[in-house]
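Me: Please take a close look at one part of this model for me, beginning with a single residue. After that, tell me how the surroundings are put together.

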Amino acid sequence: MSEPANADIQTGLAEILEEVAGVAPADATPEKSFTEDLDVDSLSMVEIATAVEDKFGVAIPDDELANIKTVGDAMDYIQKNRA
Amino acid sequence: MSTSIGDVVVTGLGATTPLGSDVASTWDALLAGRSGVSRLTDEWARDFPAQLVARLATEPSTQIDRVRARRLDRSQQVAVVAAEEAWRHSGAADAGVDPLRVAVVFGTGIGGALTLLGQDDILEEKGPKRVSPFTIPMLMPNGPAAAVGLAVGAKGGVHAPVSACASGAEAIRWGLDLLRLDRADVVLVGGAEACVHPLPMAGFASMRAMSTRNDEPERASRPFDKARDGFVLGEGAAALVLERGDAARARGARVHARLAGAAGTADGYDLVAPHPEGEGAGRAIAAALRDAGLTAADIGHVNAHATSTPVGDTAEAAAIRDTVGEHALVTATKSQTGHLLGAAGALESVFTILALREQLVPATANLDDPDDDAAVQALDIVRREPRKARLEAAVNDSFGFGGHNIALVFTTA
């Protein structure tokens, strides 16, 4: 579960998901799979990665992006790599 | 041919245009003589020689879901809006048509120019990593056809004719062929265009193809008029649902008209300029009449391509006079819609079908003083107000840069 320290990450990620893929913010919870639960396709994942870089200053290389399956995975990656 | 495989009818119509957000509002505005043309107020247009455009009456972003819209180029958005209207009105989906037997043919002249140019700006300003992953599917010229295919779940083939300003008409011809060859049971056909942007505007203006009557936007598009000085770029889309007559009647569909025949030719003359006597255009019209099993005397109405360019209109007038004759009621609806390039043939086919259905020919706006050209003088061009008539068959012709000529023949249902 998200700790208070990364609550802003979940909120920011939810904003990105809503903008890019029309995901309702309430649905952007850590256990959700991008492809299985949220219907986010591979091209949208590329857009999400770009938006994450803009919002959090965290670039996600392609090989790392392939390992990000859930909203929680993305939150963890941002948390670890954020300056 | 009423029960043969060659009996093809129109059961659905859709459009989004400079005159309206759908077919009904567009037709009403056309009959009322309203113009879709306005002068650009954008900063970039200030020094442009030609500053006139026919913008959409309704933004497609208000007609389709935001998330869906952001993955579609504007040309795809208008294609989807028009196609969904036609599809809905045809009732084909509710009739349980097999998706494997549904095909799409949707043309465009320019394609995803706004995406291409917009993403090039991003490339220049921010670098390659910032270019959208949707760039290619949004700019490809089969994009409108593909987006329409996806919207209606067509699995019987999706095709995209690209023949400049004949593309929309060519799509209708291909649709007829698919049905005649029994490659599909229902075909959603049409054309889409949305390229109001400095580069296409500058390119057309450099060809001296556009009207520069900047101070009188609504008077600028004036086909067949002595004072015409070029076309006005328009944006929008139109769509038709085609199917075989026996199947349409069996499911109780409303039949708007029959698509009785079609033909295409090439000028083989010049890449851009039309043959001055409309030789290739005339061959297309004559071949379409033969294909429909009709003679010139049967044709009561012609919706002309007539873009308001000095050479194009007279060449077409000669083609119409020499093939259809002087008796048919001719109209040039680009006088109000502007020139929708790859959507023009589809939109003007919708107008041709409505003219047959309503027995009413829309007027050509701004035709104050017909050209002295002998062929223009010979034609009965409807002007000032729509004219009622007994119509049984009508021709819609379309021509494109590249020497493409398409003629379509529609008859009453």
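Reply: With 13 C-beta neighbours inside 10 Å, R208(B) counts as partly exposed. The scale, using C-beta atoms placed from the backbone, goes like this: 20 or more others within 10 Å is buried, 12 or fewer is exposed, and partly exposed is in between. Keep in mind that this is a predicted model, where local features need pLDDT of at least 70 and side-chain atom pairs count only at pLDDT 80 or more, while totals for chains, interfaces and linings use all residues. As for labels, residues are numbered from 1 along each chain as its sequence is written, and chains are lettered from A and ligands numbered from 1 in the order in which they are written.

Back to R208(B): the residue sits in the loop between α8 (198-206) and α9 (217-220) of chain B. Helices here are DSSP runs of H or I with at least four residues, strands are E runs of at least two, and both are numbered from the N terminus. Most residues other than glycine have a negative phi.

N366(B) does something along those lines, with a positive phi of about 65° although it is not a glycine. Its loop runs between β12 (360-361) and α15 (374-378) of chain B. N366(B) counts as buried because it has 26 C-beta neighbours inside 10 Å. There's also D182(B), which follows α7(B) and has a positive phi near 60°.

That brings us to α7(B) itself. The helix covers residues 167-180, 14 residues in all, and reaches 20 Å from first C-alpha to last, close to the expected 20 Å; the expected span is 1.5 Å times one less than the number of residues. It's mostly covered, with 12 of its 14 residues buried. The buried set includes W174(B), L178(B) and L179(B), along with E170(B) and R173(B).

Take R173(B), which lies in that helix. R173(B) counts as buried because 26 other C-beta atoms lie within 10 Å. Leaving aside neighbours within four places in sequence, it's in contact with A262(B), G264(B), I406(B) and L408(B), where contact is C-beta atoms, placed from the backbone, within 7 Å.

Which element gives the most to the side of domain 1 of chain B that touches domain 2 of chain B? Some background before the answer. Chain B is divided into domain 1 (8-250) and domain 2 (267-412), bounds that come from an automatic or database domain assignment. Their centres, taken over C-alpha atoms, are 20 Å apart. The contact takes 58 residues from domain 1 of chain B and 53 from domain 2 of chain B. The top giver on the domain 1 side is α7(B), with seven residues. By class, that side has 31 nonpolar, 17 polar and 10 charged residues; Ala, Val, Leu, Ile, Met, Phe, Trp, Tyr, Cys and Pro count as nonpolar, Asp, Glu, Lys and Arg as charged, and the others, Gly among them, as polar.

Next, the packing. A nonpolar core is a set of buried Ala, Val, Leu, Ile, Met, Phe, Trp, Tyr and Cys residues joined through C-beta atoms within 7 Å. The largest one has 137 residues, and A83(B), V148(B) and L408(B) are among those with the most contacts inside it. Helix α14 (residues 344-358) of chain B supplies the largest share, nine residues. At least three residues come from each of domain 1 and domain 2 of chain B. A second, separate core of 21 residues includes I16(A), V40(A), V52(A) and V71(A).

Finally, chain A. UniProt, in an unreviewed entry, lists residues 7-82 of chain A as "domain: Carrier"; its positions are given in the numbering used here, feature names are shortened, and annotations may be inferred rather than shown by experiment. That stretch is 59% helix and 0% strand, with its end C-alpha atoms 14 Å apart. UniProt also places "modified residue: O-(pantetheine 4'-phosphoryl)serine" (unreviewed entry) at S42(A), which lies in helix α2 (residues 42-56) of chain A. S42(A) is exposed, with 11 other C-beta atoms within 10 Å. The contact takes six residues from chain A and five from chain B. Four residues, the largest share of the chain A side that touches chain B, come from α2(A).

Methods. Contact = placed C-beta atoms within 7 Å.
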